[in-house]
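User: I'd like to learn how to read a few features off a model, one at a time. Could you take me through this one?

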Amino acid sequence: MEFAKISGLHLNLPKTVLIPLWPANLAQLSSIIKDDMPHASKVTLAFATKYLGIWMGPESRDYCWLDVGDKLLSRVTRWCHGAWGTHYTARIWNTYLASLLHYPAQLFPPTNYIISQEATAIRIMFKPPGNCVRLEELFHLKDWFHLPC
């Protein structure tokens, strides 16, 4: 409180999320905060929260890929209606779709959920005749087929 008076900086407690970095019962921790610090009772307690577009906290891995999977399928449904052929579809994939996966992959290993979402998105985007191309082959377009992807 004293720092806030001097600096003019105040916490917006309803927007503040406290993330315990240890195994805890959130209901019990909330009651302790309300009893010991009634002025801080408006804070939210969670094991994960989104800050500047990135999920933070011990359980953030569970939430990070859910957003990305939804965005990926949303973008795929926007881009899948063209008949660009394999070369341009691969370029569209690398530019507008795969880039969604790269940013969170720097922080979190992919979950089974996002791997299955990616496989679904690839099947929707790349529509070979009679499904004659396997998913594994699409990852080797540059090496095997010399496409500049």
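Predicted model: local features only at pLDDT ≥ 70, side-chain atom pairs only at ≥ 80, totals over all residues.

User: Is Pro109 buried, partly exposed or exposed?

Analyst: The general idea is relative accessible area: buried means under 20%, exposed over 50%, and partly exposed in between (1.4 Å probe, protein chains only). Pro109 comes out at 47%, so it counts as partly exposed.

User: Which residues does Pro109 touch, not counting those up to four places away in sequence?

Analyst: Contact means heavy atoms within 4.5 Å. On that basis Pro109 touches Arg61 and Trp65. Gly8 is another story: Pro109 and Gly8 are 101 residues apart in sequence and 41 Å apart in space, C-alpha to C-alpha.

User: On to helix packing. At what angle do H3 and H4 pack?

Analyst: Axes are lines fitted to C-alpha atoms, for helices over the stretch in contact, and angles run from 0 to 180 degrees between N-to-C directions. For H3 and helix H4 (residues 85–105) the angle is about 175°, with the axes 10 Å apart. That makes the two roughly antiparallel, given that angles under 35 degrees count as roughly parallel, over 145 as roughly antiparallel, 65 to 115 as roughly perpendicular and the rest as oblique. Among the H3 residues in this contact are Cys64, Trp65 and Trp79, and the H4 side includes Trp93, Tyr96 and Pro104.

User: How do the residues of that H3–H4 contact divide by class?

Analyst: Into 14 nonpolar, one polar and two charged. The classes work like this: Ala, Val, Leu, Ile, Met, Phe, Trp, Tyr, Cys and Pro count as nonpolar, Asp, Glu, Lys and Arg as charged, and the others, Gly among them, as polar.

User: And how do the axes of H3 and H5 cross?

Analyst: Helix H3 (residues 60–79) and helix H5 (residues 112–125) have axes that come within 10 Å and cross at roughly 5°. They are therefore roughly parallel to each other. This contact has twelve nonpolar, three polar and two charged residues. Trp65 turns up here too, as one of the H3 residues that meet H5.

User: How many disulfides does the count come to?

Analyst: A disulfide is a covalent bond between the sulfur atoms of two cysteines. The rule here is a pair of cysteine sulfur atoms within 2.5 Å, and the count comes to zero. As for individual cysteines, Cys64 is buried at 7% relative accessibility, and Cys80 is buried at 12%.

User: What about phi: which residue has a positive one although it is not a glycine?

Analyst: Leu52, with a phi of about 55°. You'll find Leu52 in the loop between strand E3 (49–51) and strand E4 (54–56), and it is exposed, with a relative accessible area of 73%.

Definitions and conventions: Residues numbered from 1 in each chain as written. Heavy atoms only, no water. Helix = DSSP H or I, 4+ residues; strand = E, 2+ residues; numbered from the N terminus.
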